[in-house]
Amino acid sequence: MSFCSRCGAGKTGSACGGCGYQTFLNPRPTAGLVVLDEHDRVLLLKRARPPQAGLWELPGGFCDGWEEPVDAALREGREELGVDVVLGPFVGMYIGGYAFQGEVIPVLDCFWLATLEDPGAIVVDPEESVEWAWFPLHDPPPLAFSTMIRALQNVALAKGQR
Ligand SMILES: [Zn+2]
């Protein structure tokens with residue numbers, strides 16, 4: 001049993017029996033960055049907080065409300081790395097799970113290739129990340145989210161085919 005977010009009546013399916021309001025379980029979009037350097041190493045951040053604290057991840061985060069994913073990618077890059085990012089080609093989008101407030105919600109993780117104007121100026125947000133490092137694209141450490149593993153595999157595959 002859950003409760004209608006509009007009228008508060010108890011409900012069992014997607015539609016409220018009280019007011020008819022429909023609630024759909026749709027994935028929430030996120031925007032992430034596959035930042036590569038000139039040696040095809042990928043930039044990873046070590047997560048500072050749950051979920052998956054202590055595991056490595058790609059920079060990125062949730063889109064805010066009506067924010068376009070491409071704008072979220074640029075914003076998250078600036079916020080998490082402290083430098084401007086230059087977006088490259090779109091990598092792909094993947095459905096994953098995100099554990100939050102005691103439930104796992106579906107997310108639609110969208111990834112772009114990216115480069116940094118000034119990698120030497122990276123300053124990570126300590127609320128988000130405890131450290132950052134470059135890793136071989138073909139041999140990353142264990143990652144926090146399965147969608148990131150798939151994105152890196154696809155980028156590595158595309159590079160291998162060139
Ligand atoms: Zn209702």
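1. Strands β4 and β5 pair in the antiparallel sense over 2 bridges; strands here are DSSP runs of E of at least two residues, and helices runs of H or I of at least four residues, both numbered from the N terminus. Two strands count as paired if DSSP finds at least two bridges between them. Within this pair, Leu45 stands opposite Glu57 in β5. β4 also pairs with β9 (residues 129-136), in the antiparallel sense over 7 bridges, and there Leu43 stands opposite Trp134.

2. On the source: this is a predicted model, in which local features need pLDDT of at least 70 and side-chain atom pairs count only at pLDDT 80 or more, while totals for chains, interfaces and linings use all residues. Residues are numbered from 1 along each chain as its sequence is written.

3. The protein has 2 helices and 9 strands, which follow one another along the sequence as β-β-β-β-β-β-α-β-β-β-α. Its C-alpha atoms fill a box of roughly 60 × 35 × 25 Å, taken along the principal axes. Of its 162 residues, 23% count as buried. Burial is judged by the other C-beta atoms within 10 Å of a residue's own, placed from the backbone: 20 or more for buried, 12 or fewer for exposed, and partly exposed in between.

4. An open sheet of 4 strands has the order β6-β3-β8-β7, with mixed pairing. The edges are held by β6 (60-62) and β7, each with a single partner strand, so one side of each is left without a neighbour in the sheet. Neighbouring strands are turned by 20 degrees against each other on average, direction ignored; axes are lines fitted to C-alpha atoms, for helices over the stretch in contact, and angles run from 0 to 180 degrees between N-to-C directions. β3 and β8 pair in the parallel sense over 8 bridges, and Val107 in β8 is the bridge partner of Arg28.

5. Helix α1 (residues 69-81) packs on this sheet, touching β3, β6, β7 and β8, and its direction makes about 60 degrees with that of β3. Contact requires C-beta atoms, placed from the backbone, to lie within 7 Å. Helix α2, for its part, lies across β3, β7 and β8 and runs at about 150 degrees to β7.

6. Which residues of α2 are buried? They are Thr147, Met148, Ala151, Leu152 and Val155. These cover an arc of only 135 degrees around the axis, which puts them on the same side of α2; the arc is that of the directions from the helix axis to the C-beta atoms. They pack against β3 (28-35), β4 (41-47), β5 (56-57), β7 (85-100) and β8 (103-116). The face turned away from the buried side carries the exposed residues Leu157 and Gly160.

7. The largest nonpolar core has 27 residues, and those with the most contacts inside it are Leu33, Val34, Val35, Phe111, Trp112 and Ala151. Such a core is a set of buried Ala, Val, Leu, Ile, Met, Phe, Trp, Tyr and Cys residues joined through C-beta atoms within 7 Å. Two or more residues come from each of β3, β4, α1, β7, β8 and α2. Not counting residues up to four places away in sequence, Trp112 touches Leu33, Val34, Ala73, Leu87, Gly88, Phe90 and Val91.

8. Phe100 lies in strand β7 and is partly exposed, with 13 other C-beta atoms within 10 Å. Leaving aside its neighbours within four places in sequence, Phe100 is in contact with Pro51 and Ile105. The C-alpha atoms of Phe100 and Pro51 are separated by 7.3 Å, although the two residues are 49 residues apart along the chain.

Note on methods:
Two residues are in contact if their C-beta atoms, placed from the backbone, lie within 7 Å.
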